[in-house]
Amino acid sequence: GRYFKTLGPGLNIRLPFLDLVTKVNLDACIPGWQGFTEAELAQWGESFGKSLPFPSWVTLTGELGAGKTTLVRAIARAQGLLEPVTSPTYSLVREYYSPRGRVFHLDLYRLEDPEQLHQLGWEDIRRAKGLVLVEWPELAASALPPEPIALTLEHLPGRPDMRRLTW
C-alpha cells in the first residue's frame, strides 16, 4: 500500500515499510511500534531510508546496544553509501557522501554539555541540507531543529534477540 505521514505543513513522507511490518489500520501504526530481530531492523531501516525526504533530521534514542547504529547503517545503505558506516562514538561526527547528498552521523553519547555542539560544526551541519542521523539526541537539548523524525529503540524484556522500534 501507499502510506504517508505528515511531518509538517506540506511535508509528507511515504512509509512503504509499513507493508513489511503489519497489515493493520494505518491509524493504529502511526505513531506505533513494532518488534524486530536485527536482520528485520536492518530491512526496515533500508526501506525507511529510501523513503526519507532530503534533507531530513532523524533522531535515534535508546540504551546502549539497542540497535541505533544498526539502524543508521541500514538508512545510510538506502541512501547509496558504498563506504562502511562506522560508529562515531569517539569522534562524535562522521560525514559521508551519497548520490542524494551529504549524510551526517552524530553519536552524542560522549557529549558533556550542549555547549560543545559548536565544536562539532553543529551550525554547518544544520545549514548543509543533508540527511542528519543523531544518536543520543537528548544530549543536544534544544539545539535540534523542530520536529525531527524521532525513532526509539528498546530491548524487549525476555527477548534478547528482539528490539522494539517506536516512531
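This is a predicted model: local features need pLDDT of at least 70, side-chain atom pairs count only at pLDDT 80 or more; totals for chains, interfaces and linings use all residues.

**Contacts, cores and ring pairs**

Q: How many helices and strands are in the chain, and in which pattern do they follow one another?
A: The chain holds four helices and nine strands. Read along the sequence, these elements follow the pattern β-β-α-β-α-β-α-β-β-α-β-β-β.

Q: Over which residues is the pLDDT below 50?
A: The chain averages a pLDDT of 80, and 78% of the residues score at least 70. One stretch, which in the model has 52 contacts beyond near neighbours in sequence, has a pLDDT below 50, and it covers residues 1–30.

Q: Which element gives the most residues to the largest nonpolar core?
A: The largest nonpolar core has 23 residues, and those with the most contacts inside it include Trp 44, Phe 48 and Val 58. At least two residues of this core come from each of α2, β4, α3, β7 and β8. The element that gives the most, with four residues, is α3.

Q: How far apart are the end C-alpha atoms of helix α2, and what span should its residues have?
A: Helix α2 runs over residues 38–51, and its buried residues include Trp 44 and Phe 48. At 1.5 Å a residue, its 14 residues should span 20 Å, which agrees with the separation of its end C-alpha atoms, 20 Å.

Q: Which residues do ring pairs link into a cluster?
A: By the ring-centre rule, the count comes to five aromatic pairs. Some of the rings are linked by such pairs into a cluster, and its members are Phe 36, Trp 44, Phe 48 and Trp 167.

Q: Is the pair of Trp 57 and Trp 122 stacked or edge-to-face?
A: Trp 57 lies in strand β4 and Trp 122 in helix α4, so the pair ties together parts that are 65 residues apart in sequence. Trp 57 counts as buried at 13% relative accessibility, and Trp 122 is likewise buried, with a relative accessible area of 3%. The ring centres are 5.4 Å apart and the planes stand at 65 degrees, and because planes over 60 degrees apart count this way, the pair is edge-to-face.

Q: How is the pair of Tyr 109 and Trp 136 classed?
A: Tyr 109 lies in the loop between β6 and α4 and Trp 136 in the loop between β7 and β8, so the pair ties together parts that are 27 residues apart in sequence. Tyr 109 is partly exposed, with a relative accessible area of 36%, whereas Trp 136 counts as buried at 12%. Their ring centres are 4.9 Å apart and their planes are at 50 degrees, so the pair is tilted.

Q: Which residues does Ala 143 touch, not counting those up to four places away in sequence?
A: Ala 143 is found in the loop between β7 and β8 and is partly exposed, with a relative accessible area of 21%. Its C-alpha atom is separated by 7.6 Å from that of Pro 114, 29 residues apart along the chain. The residues that Ala 143 touches are Leu 117, Trp 122 and Arg 126.

How values were computed
Residues are numbered from 1 along each chain as its sequence is written. Side-chain values use heavy atoms; hydrogens and water are left out. Rings of Phe, Tyr and Trp (its six-membered ring) pair if their centres lie within 6.5 Å; planes under 30 degrees apart count as stacked, over 60 as edge-to-face and the rest as tilted. Buried means under 20% relative accessible area, exposed over 50%, partly exposed in between (1.4 Å probe, protein chains only). The expected span of a helix is 1.5 Å times one less than its number of residues. A nonpolar core is a set of buried Ala, Val, Leu, Ile, Met, Phe, Trp, Tyr and Cys residues joined through side-chain atoms within 4.5 Å. pLDDT is the predictor's confidence in each residue, from 0 to 100. Contact means heavy atoms within 4.5 Å.
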